[in-house]
Amino acid sequence: MTEARMEGGELLMQMMPRMNDFTLDRYGDLILENARRNQAVLDRGTSLSTLRDLPLGEGDSAIIIAAGPSIRRHDPIRLIKESGYEGTIIATESALYYCLRNGVVPHLTVTLDPHATRIVRWFGDPTLHADKVDADDYYRRQEMDTAYADEMRANEEILDLLSRHGRNIHIAMATSASEAVVNRVLDVGMPIHWWNPMLDDPDQADSQTRSLYRMNRMPCLNAGGNVGSAAWMLAHAVLGKAHVALTGMDFSYYDDTPYTSTQYYHEAVDLVGEENLEKIFVRIFNPHIGAWFYTDPAYFWYRQAFLEMAVDADCRTYNCTQGGILFGDHINFEPLADFLSTCGPISR
């Protein structure tokens with residue numbers, strides 16, 4: 001096993017045993033509320049299970065394109081295009097803009113987060129105006145896609161790109177999706193495949209996952225708490241891909257990233273105060289590339305969940321992110337060029 005060297009994060013480690021409870025306390029009611037509202041439009045799509053019968057790419061491999069900071073530093077789409085890869089491409093909703101403006105139309109995208117106003121921005125928000133931009137620094141603050149520096153211009157471009165290409169992109173839509181996201185996807189005409197996020201142990205009588213299933217009878221998927229892991233799970237458990245490569249799956253930040261540029265910076269300050277941030281972030285050494293990264297409680301939890309899920313996965317997983325902290329047993333950490341040389345352009 002590839003052991004991770006870690007420094008700091010005393011408070012983070014104390015939080016780990018309760019992360020699922022924290023998440024349900026924060027988002028559980030919103031997820032159920034969104035799912036109840038989305039019952040009215042379930043007939044505008046189909047079950048996630050229908051993806052099994054669709055010809056999404058050639059061969060038995062898939063590449064996941066997520067939107068972690070390594071995307072900006074390594075630009076995986078360049079290699080994907082140069083290789084002539086013809087396998088399945090699955091993009092998180094946060095990576096749609098990156099894909100489309102670089103001339104790649106993914107076969108499938110995935111959305112999960114129930115946030116009422118933020119997630120629709122990945123699809124283009126028809127109601128966006130300057131006051132909305134000024135009120136929320138989520139996009140301009142983070143070390144993410146630099147194309148978002150001019151938020152209004154980027155939004156206009158996304159609106160146009162999705163209007164032109166959306167009908168050719170299938171979407172695995174969690175029933176937890178917000179009204180704004182659902183309306184935007186319906187307006188664009190993206191083919192919808194519904195699923196329920198697995199929130200807790202469905203074997204428990206009072207399980208919220210059971211409540212979701214009883215509500216709509218849609219398939220339940222263990223998404224590992226985040227859209228990138230959901231895309232990976234879809235690739236092997238639903239599409240049946242034997243070889244799945246990950247790009248942009250950092251679950252962390254480069255060591256030179258200021259805390260103010262992290263996704264949950266404001267929440268971390270509210271929780272422990274600016275003076276205690278060193279205790280809530282943990283630094284992890286990646287031995288495959290000889291570099292340090294750091295992460296917060298949410299992303300560390302996602303990492304641990306992924307490593308647990310990878311043990312039982314019926315695929316071979318290749319982390320081609322070339323950064324971050326997702327490494328360990330059952331994950332091949334290798335450059336994307338190596339994956340493409342063995343699993344592309346048409347997978348074996």
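## Strand β3 and its partners

In this predicted model, strand β3 (residues 61-65) pairs with strand β9 (residues 243-247) in the parallel sense, and five bridges link the two.

## How β3 is covered

Is strand β3 mostly covered or mostly open? Five of its five residues are buried, and the strand is therefore described as mostly covered, buried meaning under 20% relative accessible area.

In a regular strand the side chains alternate between the two faces of the sheet. In β3, S61, I63 and I65 point one way, while A62 and I64 point the other way, and the residues of both sets are all buried.

## Two helices side by side

Elsewhere in the model, helix α2 (residues 19-38) packs with helix α10 (residues 208-216) at an angle of about 5 degrees, and their axes lie 11 Å apart. Because angles under 35 degrees count as roughly parallel, α2 and α10 are roughly parallel to each other.

Which residues meet where these helices pack? From α2 come L24, G28, I31, L32, A35 and R36, and these meet Q208, L212 and M215 in α10. Sorted by kind, the residues of the contact of α2 with α10 comprise six nonpolar, two polar and one charged.

Methods. Residues numbered from 1 in each chain as written. Predicted model: local features only at pLDDT ≥ 70, side-chain atom pairs only at ≥ 80, totals over all residues. Heavy atoms only, no water. Axes fitted to C-alpha atoms, helices over the stretch in contact; angles between N-to-C directions. Helix = DSSP H or I, 4+ residues; strand = E, 2+ residues; numbered from the N terminus. Parallel < 35°, antiparallel > 145°, perpendicular 65-115°, else oblique. Contact = heavy atoms within 4.5 Å. Nonpolar A, V, L, I, M, F, W, Y, C, P; charged D, E, K, R; others polar. Buried < 20%, exposed > 50% of the residue type's maximum accessible area, 1.4 Å probe, protein only. Pairing = 2+ DSSP bridges.
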